[in-house]
Structures are given as C-alpha cells and as structure tokens.
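Welcome! Have the viewer ready, and try each exercise by yourself before you read its solution.

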Amino acid sequence: MLVDILRQNGVNRDGIRYDTEAKTALAFVSLKKNGEREFVFYRNPSADMLLTESELDLELIKRGTIFHFGSISLISEPSRGAQIAAMRAAKEAGLLLSYDPNVRLPLWPSADDARAGIASVWNLAHVIKVSDEEVAFLTKRDPYKDEVVMSLWSDELKLLVVTDGEKGCRYFTKSFRGKVNGFAVETVDTTGAGDAFVGALLFSLGKDDSILQDEEQLRKVLRFSNACGALSTTQKGAIPALPNTSMALELIENFKE
C-alpha cells in the first residue's frame, strides 16, 4: 500500500527493500482537542529495524542531491549500521546531509539513550531541523534563548532551523540568524507538519542550495516551508494532508499578518 502511494505520486522506488519475516512498523496516533497528538508504536521487530548495510544501493544514494535522515534507525542494529554506512557514502559523494531527529521517546530504552543516539550523528549534518520541544529535550534548557539553540551548533552545519509550531520558525547560519512568522490556520491534526515543513525546505534546497548563503532567499523558502507545515495541519492524516506548491503559494499570497 505504501509503495503504491509513492508510485501514484511519482516517487522513485528503486531503493525500497522488503523483508519476508517482519511487518511494516505502525504508528497509532491519538488526537487531542487542539490537534496535538500522542503516539503508540507497533514494532520490535519491524522491517525497518532489520535493514542491513548489504541491502543498501550505495550507487543510488551517490546519485542524489540531498541525503535526509532521522534518528529512529539509530536505536538498534542492524539498522544503525546501515544508516551510518549510507550517511558516509552520501557525504563522500558530496551530497547535502539533512537531519530531522524526530524524537520519539517511547522507542528508545531511555531519555539519556535518546540524547546520546541523536547526538552520535549530529556533527555529520549540514542542515538540521529541530522543534522547540526537541531543543528543550536535547539541552535541558530554555529553547527560546539563542545561546541555548547555538549550543547545538556544529562546525559542519550550514543551517539550523527551530520550528515553533504556529509561531513559525527561527533560523541560524554562520553569517545570519532570524525568525520567520507562521500562519494561523484552523488546526485539525498536527501529524506530519514537521515533515511537510522539511519536505518543502529540501524541495527548495534541492533546486538551489546557494539559498543557504542568501538570507533574503532563505527567508522566502522558510515562509514557503511554514505555509506547507500549516496547511498540513488542516486535515486529518499525514499523507492526505500534504499540500502542493500552488496551495502553499496561495496561502502566502492571501494571508494577512
């Protein structure tokens, strides 16, 4: 079913692998009245946990422009080794490495294990997106203070983005930093909002990563990303709620601050 959804949306499926023993992981999402959500997971083991380095198509990875990764595959072997091998191949090939830790504490043995696992690949990324809640979790400090956010900076980074929900996002680079306001919408379900934001950001960077050195252009891209994130909260579900480019541009054009 999931592969068919990718096919319908024109996504290349060459890198997909199947497991004959384990099932696809499931996430059960319960919604609160304000659209915020809580997760319960079905895995242990699920197919994604069993991905091995030998199953990787490294040539496919090297032909890419951006390699995007999260932290859930880092929780246990063999998926951890496979992810690190893929990351190294991408870095050697000169791809832009993008990291969304996407903290899911119920999947980790402990909070400290989560912090250590997430930090273990932090220095490899060129672009990192974290939420304000994740900054608080990782630093154990106030996520709205610039010095706290900058404690997460690493030498390899070109862009660190902190999403603040409906308030928008903050951005930090070696040369400039700032804030881009969000969009007030009728929120139904926040599931997938971060993914919509990151997808829009990487879509833009994939076309021209010189945006990372141009603050005016970066602000435009982040406004577009904020619009995509906001629109994704106006319907239930993660995939069905994803907006297209024209929807995001229409929101930007018609939105009154």
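Predicted model: local features only at pLDDT ≥ 70, side-chain atom pairs only at ≥ 80, totals over all residues.

**Exercise 1. Find out whether Thr139 is buried or exposed, and which residues surround it.**

Solution. 
- Step 1: Locate the residue. Thr139 is found in helix 5.
- Step 2: Check its accessibility. Thr139 has a relative accessibility of 14%, and buried means under 20%, so Thr139 counts as buried.
- Step 3: Look for polar partners of its side chain. A polar atom there lies 2.7 Å from the backbone oxygen of Val135. A polar atom of the Thr139 side chain also lies 3.2 Å from the backbone nitrogen of Arg141.
- Step 4: Leave out residues up to four places away in sequence. Thr139 then touches Val148, Ser151 and Leu152.

**Exercise 2. Describe the largest nonpolar core and say which elements supply its residues.**

Solution. 
- Step 1: Start with a general idea. In soluble globular proteins, nonpolar side chains tend to be buried together.
- Step 2: Turn to this model. Its largest nonpolar core has 33 residues, and those with the most contacts inside it are Phe67, Phe69, Tyr99, Trp122, Ile128, Val130 and Leu160.
- Step 3: Trace the elements. Those supplying at least two residues each are strand 3 (66-69), helix 3 (79-92), strand 4 (96-99), helix 4 (111-119), strand 5, helix 5, helix 6 (146-150) and strand 6 (159-163). Helix 3 gives the largest share, six residues.
- Step 4: Look for another core. A second, separate one has 18 residues, including Cys169, Phe176, Phe197 and Leu201.

**Exercise 3. List the buried residues of helix 4 and find what they pack against.**

Solution. 
- Step 1: Pick out the buried positions. In helix 4 these are Ala114, Arg115, Gly117 and Ile118.
- Step 2: Follow their contacts. The buried residues of helix 4 pack against strand 4 and helix 5.

**Exercise 4. Describe the second largest pocket: how much space lies in it, and what lines it?**

Solution. 
- Step 1: Take the volume. About 1200 Å³ of space lies in the second largest pocket.
- Step 2: Go to the centre. Of the 39 lining residues, Glu36, Arg37, Glu133, Gly165 and Thr190 are the closest to the pocket's centre.
- Step 3: Trace the lining to its elements. At least two residues each come from strand 2 (37-42), strand 5 (127-131), helix 5 (132-139), helix 7 (193-207) and helix 8 (215-231).
- Step 4: Sort the lining by residue type. The pocket is lined by 12 nonpolar, 14 polar and 13 charged residues.

Key
Residues numbered from 1 in each chain as written. Heavy atoms only, no water. 1 Å grid on protein atoms, 1.4 Å probe; cavity = no way out; pocket = protein on both sides within 12 Å on 5 of 7 lines; lining within 4 Å. Points joined across faces, edges and corners; volume = space filled by probe spheres on them. Helix = DSSP H or I, 4+ residues; strand = E, 2+ residues; numbered from the N terminus. Nonpolar A, V, L, I, M, F, W, Y, C, P; charged D, E, K, R; others polar. Buried < 20%, exposed > 50% of the residue type's maximum accessible area, 1.4 Å probe, protein only. Polar contact = N/O pair within 3.5 Å; in protein donor to acceptor, adjacent residues only side chain to side chain. Contact = heavy atoms within 4.5 Å. Core = buried A, V, L, I, M, F, W, Y, C linked by side-chain atoms within 4.5 Å.
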